[in-house]
Amino acid sequence: MNPFEYTRAGSIPEAVVAVSGEPNACFVAGGTNLIDLWKYDLTHPDRLVDVNGLNTDKPVTERPDGGVRLSAFATNATTAWHPIIETRYPLLSKAIGAGASGQIRNMATNGGNLLQRTRCYYFYEPQAPCNKRTPGSGCGALTGYNRIHAILGQSDSCIAVFPSDMCVALAALKVVVQVSGPQGDRVIPFSEFHRLPGDHPEQDNTLQPGELITAIDLPEEGFAQNYSYLKLRDRHSYAFALVSVATGLILEGDRIQEARIALGGVAHKPWRIPEAEGFLIGKPATRESFAGAADILLEGAKGYAHNSFKIDLAKRAIIRNGLMALSPDTQLPGARPSA
Ligand SMILES: Cc1cc2nc3c(=O)[nH]c(=O)nc-3n(C[C@H](O)[C@H](O)[C@H](O)COP(=O)(O)OP(=O)(O)OC[C@H]3O[C@@H](n4cnc5c(N)ncnc54)[C@H](O)[C@@H]3O)c2cc1C
């Protein structure tokens, strides 16, 4: 029996106050990750502060600076199929549609997606060593079964990967995250939101205790003409990425004027190397150019007993996705519900 208190927040300040000063309180949104973690005995909140229903009348709003604000409390489904997102940010729409299942996307929120935890098998197994779950206990994946694990940015403490699809597109789009907390409001650039494991793999991100994600701000440029999201996985649906790639391009003739590439399934956070994007500027949009960018993105990649295949897979995925971004109309349709 795990007694807990439940409260539904009526506003953002009310939600922040309700978790403040209570170390074992947490927010609950769709609950699609939190409740699983609870069932696995990985979390034991004393107080749940329900943030569903906040700002849901404004899931997606156009801002005066030309960008777009996503409510953190809007569901993944509402966001992906919103006309503004489908037309101006189809890369994001595709990436969200590639994740989970229709039922889960109907429950899961944008804020919760950023905070979902790893799918590393050792994290979920209480008998196994896991520095992310129990700091100081070791990492079972380093010498164990590590097929789904990291090839970039890992440490001797942790080789888990961050499993989100949505966040790979957000990394490519270079968004910022709006948060509200006991010390006030602040803005976190997306590249600084998630952490590499280092010596503290128990910390997935840079949120401070009690901080609530309130919105995600997309820049004006959505790469709506030339984009692609490619997710490679063991099963065609309802499976996490072994490797995923989000690519956005701006072309002038056959030359690349601007490029964004982010990888998922390969590191503790969405993986982006600005030098790889800089390398593409002014180059023709060819297999050779994307291969050059892939070499920069994958520099220093290291595999383990069961996941070395990911290095070559990622390189081929970056090249293929770059070429797919040249003609996005030929891509498979997303998993849009019929009603
Ligand atoms: C079977 C299954 C398959 C899945 N497959 C995929 C997949 O292929 N790709 C993919 O990307 N995802 C996948 N997911 C993960 C899913 O996308 C996440 O579980 C979901 O996005 C989490 O959102 P939520 O609103 O349910 O969060 P919750 O479970 O409610 O919360 C998750 C965490 O975020 C915190 N939180 C929630 N909202 C806020 C906020 N606004 N501010 C601060 N803290 C907050 C909670 O306290 C909790 O710690 C899958 C999930 C399941 C169960």
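**View 1. Strands β6 and β8 pair up in this predicted model.** Five bridges link strand β6, which covers residues 176–181, to β8, and the two strands run antiparallel. To find one of these pairings, look for Gln178: its bridge partner in β8 is Ala215.

**View 2. Strand β5 also pairs with β8.** Here we're looking at residues 68–71, which make up β5. Four bridges join β5 to β8, and once again the strands run antiparallel. A handy spot to start is Val68, which stands opposite Leu218 in β8.

**View 3. Strand β8 is mostly covered.** How many residues of β8 are buried? Go through residues 212–218 and you'll count seven out of seven.

**View 4. Asn205 sits in a loop.** That loop runs between β7 (184–189) and β8. Is Asn205 buried or exposed? Its relative accessibility is 18%, and buried means under 20%, so Asn205 counts as buried. Leaving aside residues up to four places away in sequence, Asn205 touches Leu115, Phe193, His194 and Arg195. There's a polar neighbour to spot as well: a polar atom of the Asn205 side chain lies 3.1 Å from the backbone nitrogen of Leu207.

**View 5. Two domains come from the domain assignment.** According to that assignment, domain 1 spans 5–52 and domain 2 spans 226–335. How far apart do the C-alpha centres of domain 1 and domain 2 lie? The distance between those two centres is 36 Å.

Note on methods:
Residues numbered from 1 in each chain as written. Predicted model: local features only at pLDDT ≥ 70, side-chain atom pairs only at ≥ 80, totals over all residues. Heavy atoms only, no water. Buried < 20%, exposed > 50% of the residue type's maximum accessible area, 1.4 Å probe, protein only. Pairing = 2+ DSSP bridges. Domains from an automatic or database assignment. Polar contact = N/O pair within 3.5 Å; in protein donor to acceptor, adjacent residues only side chain to side chain. Contact = heavy atoms within 4.5 Å.
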